[in-house]
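Please look over the structure below before reading the briefing. The notes after it are grouped by topic.

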Amino acid sequence: MNTMNDPYNIWNGEKFEFTLNKICKIIYKGTFKIPDKFKAIADISVKRIMADNISEKSGIRVVFDLSWNKEKLESKKKIQKYLEDGIIVVTDRIYKDNYGKEIPVIKVQDPWKAWIDIGRYVKNVFPIPTIGITGSAGKTTATVLAQCVFNERYNTFISGEDGKNFNTTLQIVNQWILRGNPEYTFHIQECGGETPTLIESSAQVINADAFGITNIDTSQHIATYGSQENLISDKTSFDRVRKENTFAVINLDDNILKNFKFKSPVVTFAIDDKTADYVGCNIKQTGEFLEFDVLNNDRCVHIKINIVGKHNVYNALMVFAFAKKFNLSDEEIQRGFLKYKSIGIRQNLRKVAGRYIYMDSYNASVESTLLTVKTLAELEITGKKIAVVGERKTANEETYQINYNLGKELCKFNTIDEIIVIGEKNSDKQALY
């Protein structure tokens with residue numbers, strides 16, 4: 001196979017297969033260089049190309065040095081150990097052995113850009129319609145709901161598996177290299193943010209035809225973003241790196257999104273703002289099923305999903321809007337939603353020994369924590385309702401204030417019988433209110 005989409009023959013008919021020569025051709029773009037030490041093995045198949053923990057113990061292995069905080073000693077120690085184990089590293093740093101001699105590496109100006117280049121290359125080998133989903137809360141649920149709906153017509157790839165969400169640039173490229181193949185006909189990608197430009201780099205990789213933003217919580221990851229402006233800039237970065245004809249689907253009940261000046265054509269959804277293109281109404285939680293109607297102009301479509309939490313209407317509305325823009329029928333959408341099943345520790349309601357357990361605890365933000373407790377408060381079940389909540393941890397002095405505010409909000413749920421807080425003391429102050 002040697003096509004316009006794969007000039008270096010990375011796809012071998014069964015999987016993506018790299019050599020050092022092919023890697024360097026992709027990341028150097030015409031200024032091809034490879035250290036002398038690696039020339040003898042430059043055309044031998046690489047066993048694993050990775051940007052995180054690498055488990056293989058033999059063969060040619062390549063790791064990209066993507067530590068976002070390179071001042072941390074642990075970051076350099078990890079890469080140093082890789083080099084000592086014979087792993088080839090793509091990096092912008094200099095490493096030396098115990099004798100002070102420089103260790104050969106594949107030197108680049110920006111390892112993140114090199115990783116993005118690898119990701120864009122492999123993603124483009126099999127061009128398919130792609131949707132990017134980001135925001136502060138609801139990303140994973142919206143992505144899995146979308147997979148259920150779009151699977152009614154397509155074979156849909158998402159990078160998460162078995163309840164896990166691989167949503168950073170590092171993981172997105174890893175997953176596509178490991179699992180991408182020509183059998184997929186649609187790609188829906190959750191994109192998470194934690195540090196400045198992380199979502200933007202993911203957007204550059206997947207080159208989306210459409211993107212959705214669930215909401216924006218300016219307190220989430222504020223320590224690593226540094227400011228609300230940086231956070232908002234990254235959450236909306238799909239709009240900056242968009243290609244022609246890319247459109248956005250946004251939550252009109254979110255004031256930041258409502259007032260943001262998008263360059264992309266915008267499709268809106270909401271519950272409260274009746275001016276939105278798609279409005280959710282007649283919302284009911286009937287046991288384990290969430291039911292509501294979607295209004296679009298004069299049309300009304302009834303939706304039923306095996307999920308708890310009325311806030312999930314927002315996630316479903318986003319998916320509904322995407323599905324209609326990609327011309328899925330109402331019947332396909334309804335069938336797809338009915339096939340959703342929660343798994344693992346995300347929005348999973350289970351009955352154990354006569355008691356209900358509602359698990360929703362993966363990578364929780366302040367907003368998602370409150371939504372989880374709100375869902376518990378709204379459940380129509382008999383008996384005591386007990387919420388177990390972990391403190392929020394941040395990387396700066398705002399930790400106490402964030403947890404104090406979270407505690408005050410939790411106290412407003414007067415239908416919760418008991419709230420158990422798991423956390424540590426923050427200096428001489430208690431973690432939660």
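In this predicted model, Phe150 has a relative accessibility of 0% and so counts as buried. Phe150 takes part in an aromatic pair with Phe326, and that pair opens the notes below. Sheet strands, salt bridges and cysteines follow.

**Aromatic rings**

- A search of the whole structure finds 18 aromatic pairs.
- In one of the pairs, the ring centres of Phe150 and Phe326 are 6.0 Å apart and the planes stand at 75 degrees, so the pair is edge-to-face. The reasoning needs one cut-off: planes over 60 degrees apart count as edge-to-face.
- This pair links distant parts of the chain, since its two residues are 176 residues apart. Phe150 belongs to helix α4 (residues 139-150), while Phe326 is in the loop between α10 (312-325) and α11 (330-338).
- Phe326 has a relative accessibility of 16% and counts as buried, because buried means under 20%.
- Ring pairs join Phe150 and Phe326 with Tyr154, Phe186, Phe247 and Phe322 in a cluster.

**Charges over rings**

- Lys325 lies over the face of Phe247, at 4.9 Å from the centre of the ring. Phe247 is also one of the residues in the ring cluster.
- Lys304 has its charged end over the ring of Phe289, 4.5 Å from the ring centre.

- Thr246 is placed in the loop between α8 (228-235) and β9 (247-251).
- Is Thr246 buried or exposed? Its relative accessible area is 2%, so Thr246 is buried.
- Leaving aside residues up to four places away in sequence, Thr246 touches Ala208, Asp209, Ala210, Phe211, Ser264 and Pro265.
- Between Thr246 and Ile131 there are 9.5 Å in space, from C-alpha to C-alpha, although the two are 115 residues apart in sequence.

**The sheet**

- Nine strands form an open sheet with mixed pairing. Their order is β6-β7-β5-β8-β9-β10-β11-β12-β13.
- Which strands are at the edges? They are β6 (156-157) and β13 (299-305), and each of them pairs on one side only.
- Within the sheet, β9 pairs with strand β10 (residues 266-270) in the parallel sense, over four bridges.
- Ala248 stands opposite Val266, a residue of β10.

**Salt bridges**

- The structure holds 13 salt bridges.
- One of them joins the side chains of Asp36 and Lys39, at 3.1 Å from N to O. Asp36 is exposed, as its relative accessible area is 61%.
- Glu152 and Arg335 also meet through their side chains in a salt bridge, with an N to O distance of 2.9 Å. Glu152 is in the loop between α4 and β6 and Arg335 is in helix α11, so this pair ties together parts that are 183 residues apart in sequence.
- Asp330 forms a salt bridge with Arg299, and the closest N and O atoms are 2.2 Å apart. Because Asp330 lies in helix α11 and Arg299 in strand β13, the pair ties together parts that are 31 residues apart in sequence.
- Asp330 counts as buried at 14% relative accessibility, while Arg299 counts as partly exposed at 38%.

**Cysteines**

- How many disulfides does a search of the whole structure find? The search finds zero.
- For Cys300, the closest cysteine sulfur is that of Cys281, at 5.8 Å from its own sulfur, which is too far for a bond. The cut-off used here is that the two sulfur atoms must be within 2.5 Å.
- Cys300 counts as partly exposed, with a relative accessibility of 48%.
- Cys148 has a relative accessibility of 14%, so Cys148 counts as buried.

Methods. Residues numbered from 1 in each chain as written. Predicted model: local features only at pLDDT ≥ 70, side-chain atom pairs only at ≥ 80, totals over all residues. Heavy atoms only, no water. Phe/Tyr/Trp six-rings, centres within 6.5 Å; stacked < 30°, edge-to-face > 60°. Buried < 20%, exposed > 50% of the residue type's maximum accessible area, 1.4 Å probe, protein only. Lys NZ or Arg CZ within 6 Å of the ring centre and 35° of its normal. Contact = heavy atoms within 4.5 Å. Pairing = 2+ DSSP bridges. Salt bridge = Lys/Arg side-chain N within 4 Å of Asp/Glu carboxyl O.
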